[in-house]
Amino acid sequence: MSLDVTHESRPIADPSELTDVFRSACKPPDQWRAGTESEALGVYATGPAVGAAPPYEGPRGIGALLARLATSGWGPIREGEHIIALARDGAHISLEPGGQIELAARPVSSVAVHAEDVRDYEQALAAASRELDIAWLGMGFRPFGTLDDVPWMPKGRYAIMRDYLPTRGRLAHEMMKRTATVQVSLDFSDVDDARAKLRCAFGITPLLTAMYASSPIVDGQVTDYQSYRARVWLETDPDRCGLLPFVFDDVDVFEAYTQWALDVPMFFVLRDRYLPARGMTFRRFLRDGFEGERATIGDWELHLSTLFPDVRIKRFIEVRGCDAGPRDMILALAPLLCGVLYDADARSEATALTASLTIDERLALAAAVPRAGFSAPVGRTGRKVLDLARELVAIADAGLARIEPGDRGYLEPLREIVATGRTRADAIVDVWRRAGGEPTAVIRSCRRFA
């Protein structure tokens with residue numbers, strides 16, 4: 001989740017300023033970059049608490065870990081007495097509600113640069129974690145323990161979300177405390193380019209979810225889900241999650257997204273502290289104010305960061321439908337999406353994969369993929385998700401060959417997955433069953449780094 005920084009405190013004078021946030025972010029293609037955010041799930045690696053989620057407090061807690069990282073070149077960001085994030089050279093490490101750690105890497109034009117950044121981050125995190133006996137898992141859902149076993153982290157925004165979200169979806173706390181994802185942010189040149197990228201990205205999200213599935217274990221038991229993380233998001237908050245049908249219409253997508261976002265209830269208003277918004281929409285905030293406060297562009301950008309559709313717009317487009325995984329899978333996602341979305345021919349071919357689906361068929365596919373994965377049927381086409389996923393990887397490879405051929409090698413783990421039809425979820429279940437559910441075997445297999 002994004003850092004809560006309100007950059008602009010000037011009250012909004014005209015509603016057109018809302019869409020100007022998107023329009024002002026347009027960039028020519030030679031300035032396009034990609035930024036990857038990847039989360040990991042922390043567990044104790046050995047001892048009587050093996051597999052348990054660390055609390056924030058204590059000598060072996062997440063707070064102690066962040067304090068150690070703050071001595072290795074990462075600048076601490078505090079909320080009260082607690083370190084809740086770190087920053088260095090345009091990258092951020094942030095703390096998720098259940099103690100997940102997220103690296104928001106700096107946007108780059110080359111995956112090789114991103115790979116170096118990830119290695120540096122993992123080395124620093126590994127050194128700090130080793131002293132505390134914490135291992136970080138590249139999985140989409142915490143496999144050990146139950147929801148109540150996972151402690152909450154001390155961030156003001158999470159306290160408000162913790163109270164509000166369960167009124168909208170019965171699995172909202174599961175999303176907050178036990179899921180982990182990898183997502184990529186991409187640039188756009190103008191409103192038409194943004195609409196084309198959004199349309200394509202929404203269309204291929206079920207394929208990405210199936211390819212990246214790595215969350216088959218829930219409450220210490222094998223389930224019949226490929227991505228239980230994706231299942232959880234289906235029952236988190238229908239107001240702010242899922243599919244946005246208007247991206248498939250011939251609309252000004254900046255204006256349409258703005259009108260949708262204006263009517264999504266706000267979590268909070270941030271001034272010197274978090275003020276619960278109590279279901280107020282941004283439209284009402286803009287019109288009437290709130291407790292003597294007028295809406296600012298900073299408030300608008302903060303609100304945009306609390307919207308969770310499968311693909312969202314801020315000052316860039318975020319593709320959000322993938323389970324977290326190991327380093328090679330994390331490094332594969334940006335080139336996959338750049339190959340598809342930054343090359344016009346590839347984007348057209350990828351969009352065509354699901355272009356015939358109705359909105360109802362898209363919703364049915366999104367509901368089927370978490371459990372069925374590659375075997376989910378694609379509308380009335382007579383094809384399965386695996387068929388389309390194989391085509392998608394080939395399309396991305398061809399797109400990269402035209403725009404960034406040096407990045408094609410990073411697609412190799414995805415080539416293997418679609419060639420064999422076996423996901424990381426399948427591999428995790430194999431390890432789990434061979435080890436009889438013994439946590440250390442799964443930790444060794446799914447650990448992000450030694």
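Predicted model: local features only at pLDDT ≥ 70, side-chain atom pairs only at ≥ 80, totals over all residues.
**View 1. Helices α11 and α12 meet at a crossing of roughly 95°.** Start with helix α11, which covers residues 327–341, and helix α12, which covers residues 344–352. Their axes come within 5 Å. Angles from 65 to 115 degrees count as roughly perpendicular, and therefore α11 and α12 are described as roughly perpendicular to each other. On the α11 side, look for Gly-339, Val-340 and Leu-341; on the α12 side, the contact is made by Ala-346, Arg-347 and Ala-350. Sorted by class, this contact has four nonpolar residues, one polar and one charged.

**View 2. Helices α8 and α10 cross at roughly 90°.** Here you can follow α8, residues 253–262, and α10, residues 297–304. The axes of these two helices come within 11 Å, and their crossing angle makes α8 roughly perpendicular to α10. From α8, the residues in contact are Tyr-257, Thr-258, Ala-261 and Leu-262. Trp-300, His-303 and Leu-304 meet them from α10. Five of the contact residues are nonpolar and two are polar, with no charged ones.

View 3. How many cavities of 30 Å³ or more does a search of the whole structure find? There is one. Around the largest cavity you will find Met-266, Phe-267, Phe-268, Asp-299, Leu-302, His-303 and Thr-306. Helix α10 gives the most to this lining, with three residues. By class, the lining has four nonpolar, two polar and one charged residues.

**View 4. Tyr-164 and Phe-267 form an edge-to-face aromatic pair.** A search of the whole structure finds 15 aromatic pairs, and this view picks out one of them. The ring centres of Tyr-164 and Phe-267 are 5.7 Å apart, with 70° between the planes. Tyr-164 lies in helix α4, residues 156–164, while Phe-267 sits in the loop between α8 and β11, so the pair ties together parts that are 103 residues apart in sequence. Phe-267 also belongs to the lining of the largest cavity.

Methods:
Residues numbered from 1 in each chain as written. Heavy atoms only, no water. Axes fitted to C-alpha atoms, helices over the stretch in contact; angles between N-to-C directions. Helix = DSSP H or I, 4+ residues; strand = E, 2+ residues; numbered from the N terminus. Parallel < 35°, antiparallel > 145°, perpendicular 65-115°, else oblique. Contact = heavy atoms within 4.5 Å. Nonpolar A, V, L, I, M, F, W, Y, C, P; charged D, E, K, R; others polar. 1 Å grid on protein atoms, 1.4 Å probe; cavity = no way out; pocket = protein on both sides within 12 Å on 5 of 7 lines; lining within 4 Å. Points joined across faces, edges and corners; volume = space filled by probe spheres on them. Phe/Tyr/Trp six-rings, centres within 6.5 Å; stacked < 30°, edge-to-face > 60°.
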